[in-house]
Amino acid sequence: EGLASSIGFLISHQLNEKNMQDTAEKFASPDNCQTLDVPKDNATIWDNLNGKTKSKDLKLQHVQRFLTRGITAFARSVDGTQLSELQQDTLALLCNAQFELNCAKA
């Protein structure tokens, strides 16, 4: 009940940006997993994009930043040598969301 209520609240309310930034900073991508970060845009391509496209891309980067930090937090919360099926499924779903966002930006 308590967890479901927390999830419902968190999904339906925008949280304080400062608090979210502070929380995200605690979960920087590890050095040994470079793909667990927001992909860098090609500067040459970026310079030739129109304002609407840049704005959309920046919004996607914002979402990706929190997603990758969430994946990092999840990874730190489990024993990486022994994942349960539920943990493997969770990781697969989260990583697929990141993959789909990367494809949407391409």
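Val78 is in contact with Leu83 and Gln87, leaving aside its neighbours within four places in sequence; contact means heavy atoms within 4.5 Å. Val78 sits in the loop between H4 and H5. At 16% relative accessibility, Val78 counts as buried; buried means under 20% relative accessible area, exposed over 50%, and partly exposed in between, with a 1.4 Å probe and protein chains only.

This is a predicted model: local features need pLDDT of at least 70, side-chain atom pairs count only at pLDDT 80 or more, and totals for chains, interfaces and linings use all residues. Residues are numbered from 1 along each chain as its sequence is written, and side-chain values use heavy atoms, with hydrogens and water left out.

**Overall fold**

- The protein has five helices and zero strands. Helices (H or I, at least four residues) and strands (E, at least two) are DSSP runs, numbered from the N terminus.
- From the N terminus on, the order of elements is α-α-α-α-α.
- The C-alpha trace spans about 50 × 35 × 25 Å along its principal axes.
- Of the 106 residues in the protein, 17% are buried.
- Among contacts between residues at least 6 apart in sequence, 73% join residues at least 24 apart.

**Helix H4**

- H4 has 27 residues. From its first C-alpha to its last it reaches 39 Å, close to the 39 Å expected at 1.5 Å a residue. The expected span of a helix is 1.5 Å times one less than its number of residues.
- The buried residues of H4 are Asp57, Leu60, Gln64, Arg65, Leu67, Thr68, Arg69, Ile71, Thr72 and Phe74.
- The cover over these buried residues includes H2, helix H3 (43–47) and H5.

- Gln64 is placed in helix H4 (residues 51–77). Gln64 is buried, with a relative accessible area of 0%.
- Gln64 touches Val38, Pro39, Gln98, Leu101, Asn102 and Lys105, not counting residues up to four places away in sequence.
- Gln64 and Leu36 are 28 residues apart along the chain, and their C-alpha atoms are separated by 9.7 Å.
- Thr72 is also found in helix H4. Thr72 is buried, with a relative accessible area of 2%.
- Thr72 is in contact with Phe27, Ala28, Ser29, Pro30 and Leu36, leaving aside its neighbours within four places in sequence.

**Helix H5**

- Helix H5 (residues 85–105) has 21 residues, which should span 30 Å at 1.5 Å a residue. Its end C-alpha atoms are 30 Å apart, which agrees.
- The buried residues of H5 are Gln98, Leu101 and Lys105.
- Seen down the axis of H5, its buried residues fall within an arc of 55°, so they line one face of the helix. The arc is that of the directions from the helix axis to the C-beta atoms.
- An α-helix has 3.6 residues a turn, so residues three or four places apart point the same way.
- The exposed residues Glu85, Leu86 and Leu93 are on the face of H5 turned away from its buried side.
- H4 is included in what covers the buried residues of H5.

**Ala24 in H2**

- Ala24 lies in helix H2. Ala24 is buried, with a relative accessible area of 3%.
- Arg65, Phe66 and Arg69 touch Ala24, not counting residues up to four places away in sequence.
- Ala24 and Val78 are 54 residues apart along the chain, with their C-alpha atoms separated by 18 Å.

**Largest pocket**

- About 440 Å³ of space lies in the largest pocket. On a 1 Å grid over the protein atoms alone, a pocket is an open set of points where a 1.4 Å probe fits, with protein on both sides within 12 Å along at least five of seven lines. Grid points are joined across faces, edges and corners, and a volume is the space filled by probe spheres set on the points.
- The lining has 13 residues, of which Leu10, His13, Leu15, Met20 and Phe66 lie nearest the pocket's centre. Lining residues have an atom within 4 Å of a point.
- Helix H1 (2–12), helix H2 (17–25) and H4 each supply at least two lining residues. H1 gives the most, with five residues.
- By class, the lining has eight nonpolar, four polar and one charged residues. Ala, Val, Leu, Ile, Met, Phe, Trp, Tyr, Cys and Pro count as nonpolar, Asp, Glu, Lys and Arg as charged, and the others, Gly among them, as polar.
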